[in-house]
Amino acid sequence: MTLAAIDYVILATYFVFVIGIGWMLRKRMATSGDFLLSGRSVPVWITSLAFIAANLGSQEIVGMAASGAKYGIMTCHFYWLGAIPAMIFMGLFMMPFYYGSKARSVPEFLKLRFDEKTRGFNAILFAAMTIFSSGISMFVTGIWLHLVLGWDFAASVIATAAIVLLYTYLGGLTSAIYNEVLQFFLIVAGFLPLSIMACAKAGGWQGMLSRLPANMTHTWKYMGHAADNPMGVELFGMIAGLGFVMSFGYWCTNFLVVQRAMAADSMSAARRTPLIGAIPKMFMPFVVILPGIVAVALAHMPAPGGGHLYEIPLKAGGGNDYNTMIFTLMGKFYPAGILGVGLTGLMASFMSGMAGNVTAFNTVFTYDIYQSYIRKTAPDKHYLFVGRMTTIAGVVLSIGAAYVCKSYDNIMDLLQFVFAFVNAPLFATFLLGMFWKRATAHGAFSGLVSSVFGAILTFGFTQAEGHGGFLYCAHRFGSQMVQNFWIAIAAFTTCLVVTVVVSLATVPRPDSEMEGLVYGLTKIKKDEGARWYQRPAPLAVFVAVLVIVINIWLA
Amino acid sequence: MDLRLPSGLFFVILGVILTGLGVFAPGLRAPLTDLNVNLYAGLCMLVFGAFLLLMALRASRKQP
């Protein structure tokens, strides 16, 4: 694929704006709270869009189109089942504790509700995870830019990292959040025309559906048996694994997204952040998944000069290379000009994923590791300085992680295995911590630690696509994805059971210490008098009805 | 800072570039493009950018 001069102009314009936003915000960064927490002053429409944009990283964008081509409309479950219910739950039931407790991060909430060791365990794990996930994101970005545009791997990794560093260093979390909104708009502007044009080319919505295998055209219809649907998943694994454990684990406990809601300017705004974000989130499949689905239809349509309208790219070693599809599709549909916008949209998603990780990392490191273990009392100026330095360190470490991934193939596999379950047990800890006042610190800590073993054992005894089963192969799953669902379910259940058992055996904490941290001991302010869409509960009902309607339409 | 200002400006600039391309190079096509996509996408971006700018202007008038 070759770019015209005008495409580079568009890309450069975007870079100027991204850095410009950071530059304009630099004067507002007076305290560590301004830099790491946005001073809790961001308007709700901005936090809502940032909430979903922080998750729209490069792997999400490219991976969703790829999954669309592999699994068809079922892929939408990652949004409608795997995100929306968790976002509703988070806004309605969990945000009052996160925001109301005045905790500055997810690990700090664990410290307030449980104890220091639970916080430390979580903070260190989370910090390592964000570095690696931003490293993987960079690595994947570099590979694609090299493959598709012929750019140098090292140069593209370092250039994108430098731009992200510049705007997060200048304007902190506010700059990352503001840019995520711009990135969100740009992702839509860059991908929606592709969706629409590809769909029209395939004969419109009905024309597209008629050219697909039947089991790719429904979300729920072929879910009865694992063998019937392209994902190889059965109903229980899907609902419990993706719909409950994995999605609630991610959307309700991952500081990367929770941080965006915590930056809102009031409790009501913080609670509405995931709810308002859920509305555009619901329609994102039509922007990011649809191109992949349509590509399959186009690959069945004869071209005037012989062959097909579109050929799904092949891997060097055989098999389909779904991951470069989005690039070749753009090449087929986008002439110079809009092609620049499309690629800028991709760059935007690369950057939003990276910046999200870096801003979550610097907050957790500064408050939960540095201030808790290295230097407990210092003037705030010092922590602002540490926050800025951690931003630099975070980017540099991510580049290192990207190179580690480039050198060792197995590391990526290992990390993806870890990411698959790491949030799931944490959700059990929060569920018990926020809604069961009897849960104790020793319970939470032993639950979290033992869940790691639960996950490893499940991985050791089951196999999927040649992965796992290193102890004994007791069960074979239809796909690695389904195996991940079950690993997450096992980790969650282990954590839940161990936390309950150990809690009942240890001394409970007095109620008076847990005000504002546990359901039943916390007063939740009612927003009476405000309009319905300004109140969390009616808004949640609206979102729920909307997502049910879409599911029935494409069932 | 009102975010609608820079993002509105950004989309107006993109819109101007794309609409300009659509008007002065209406024949630009990729293998599967049927229509003048630069023109239509550019006009949409212009409208969106102008809308954001207008909202920012309204807000700044309310709170001087």
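These are my notebook entries on what I looked up in this predicted model.

**Conventions.** I number residues from 1 along each chain as its sequence is written, and I letter chains from A, with ligands numbered from 1, in the order in which they are written. For local features I require pLDDT of at least 70, and side-chain atom pairs count only at pLDDT 80 or more, whereas totals for chains, interfaces and linings use all residues.

Entry 1: Helices here are DSSP runs (H or I, at least four residues), numbered from the N terminus. Ala, Val, Leu, Ile, Met, Phe, Trp, Tyr, Cys and Pro count as nonpolar, Asp, Glu, Lys and Arg as charged, and the others, Gly among them, as polar.

**Entry 2: helix α2 of chain B.** I found that α2(B) has 26 residues and reaches 38 Å from its first C-alpha to its last, close to the 38 Å expected. The expected span is 1.5 Å times one less than the number of residues. I call a residue buried if 20 or more other C-beta atoms lie within 10 Å of its own, exposed if 12 or fewer, and partly exposed in between. The buried residues of α2(B) include B:Val37, B:Leu39, B:Met45 and B:Leu52. Among the elements that cover the buried residues are α9 (153-201) and α17 (338-374) of chain A, together with α1 of chain B.

**Entry 3: helix α8 of chain A and two partners.** I looked up how α8(A) (residues 116-149) lies against α9(A): their axes come within 8 Å and cross at roughly 130 degrees. Axes are lines fitted to C-alpha atoms, for helices over the stretch in contact, and angles run from 0 to 180 degrees between N-to-C directions. The pair is therefore oblique, since angles under 35 degrees count as roughly parallel, over 145 as roughly antiparallel, 65 to 115 as roughly perpendicular and the rest as oblique. The contact of α8(A) with α9(A) has 6 nonpolar, 5 polar and no charged residues.

I next turned to α18(A) (residues 380-407), whose axis comes within 7 Å of that of α8(A), with a crossing of roughly 60 degrees. This pair is likewise oblique. Its contact has 11 nonpolar, 5 polar and 1 charged residues.

**Entry 4: A:Met64.** I located A:Met64 in helix α4 (residues 58-71) of chain A. Is A:Met64 buried or exposed? A:Met64 is buried, because 23 other C-beta atoms lie within 10 Å. Leaving out residues up to four places away in sequence, I noted that A:Met64 touches A:Thr75, A:Val288, A:Ile289 and A:Gly292.

**Entry 5: the loop between α2 and α3 of chain A.** I found A:Ser38 in the loop between α2 (32-37) and α3 (44-53) of chain A, with a positive phi near 60 degrees. A:Ser38 counts as buried because it has 30 C-beta neighbours inside 10 Å. A:Arg40 lies in the loop between α2 and α3 of chain A, and its phi is positive, near 45 degrees. A:Arg40 is partly exposed, with 17 other C-beta atoms within 10 Å.

Technical notes: Helix = DSSP H or I, 4+ residues; strand = E, 2+ residues; numbered from the N terminus. Contact = placed C-beta atoms within 7 Å.
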